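Student: I have a model open and would like to learn how to read it. Where do we start?

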Amino acid sequence: CELPNFKAGTCSKTIARGADICKENNINFILAAGSINAIDSAKSIAVSRFSEEKPSDIFSGKKASTMP
């Protein structure tokens, strides 16, 4: 599965969509290829995938993420 139309400067909506794709398809492994932006985004998607919080809340510090 891949995240189509990925662009540098990823916003929280793209991170949320990536996390949703992972949740919907029961994906537990993410491989990032490309720039540091792609790698950082993959890390953000991975954290968001296992959290019930919105990515914007996790990374803004509004709520603490609870991960299994």
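Tutor: We start with the largest nonpolar core, which has five residues: Ile15, Ile21, Cys22, Ile27 and Ile45. A nonpolar core is a set of buried Ala, Val, Leu, Ile, Met, Phe, Trp, Tyr and Cys residues joined through side-chain atoms within 4.5 Å. Helix H1, residues 12–24, gives the most to this core, with three residues. Helices are DSSP runs (H or I, at least four residues), numbered from the N terminus.

The model is predicted: local features need pLDDT of at least 70, side-chain atom pairs count only at pLDDT 80 or more, and totals for chains, interfaces and linings use all residues. Residues are numbered from 1 along each chain as its sequence is written, and side-chain values use heavy atoms, leaving out hydrogens and water.

Student: Which residues of H1 are buried?

Tutor: In soluble globular proteins, nonpolar side chains tend to be buried together. In H1, the buried residues are Ile15, Gly18, Ala19, Ile21 and Cys22. Seen down the axis of H1, they fall within an arc of 155°, so they line one face of the helix. The arc is that of the directions from the helix axis to the C-beta atoms. Buried means under 20% relative accessible area, exposed over 50%, and partly exposed in between (1.4 Å probe, protein chains only). On the other side of H1, Lys13 and Glu24 are exposed. The cover over the buried residues of H1 includes H2 and helix H3 (55–60).

Student: How many salt bridges are found in the whole structure?

Tutor: Side chains of opposite charge can pair when their charged atoms come close. The search finds two salt bridges, each counted when a side-chain nitrogen of Lys or Arg is within 4 Å of a carboxyl oxygen of Asp or Glu. One joins Arg17 and Glu24 (3.7 Å, N to O). Arg17 is partly exposed, at 39% relative accessible area, and Glu24 is exposed, at 57%. Another joins Asp40 and Lys43 (3.2 Å, N to O). Asp40 and Lys43 are three residues apart in helix H2, and therefore separated by about one helical turn. Asp40 is partly exposed, with a relative accessible area of 35%.

Student: What is the phi of Asn26?

Tutor: Most residues other than glycine have a negative phi. Asn26 has a positive phi of about 55° although it is not a glycine. Asn26 lies in the loop between H1 and helix H2 (36–49), and is exposed, with a relative accessible area of 55%.

Key: Helix = DSSP H or I, 4+ residues; strand = E, 2+ residues; numbered from the N terminus. Contact = heavy atoms within 4.5 Å.
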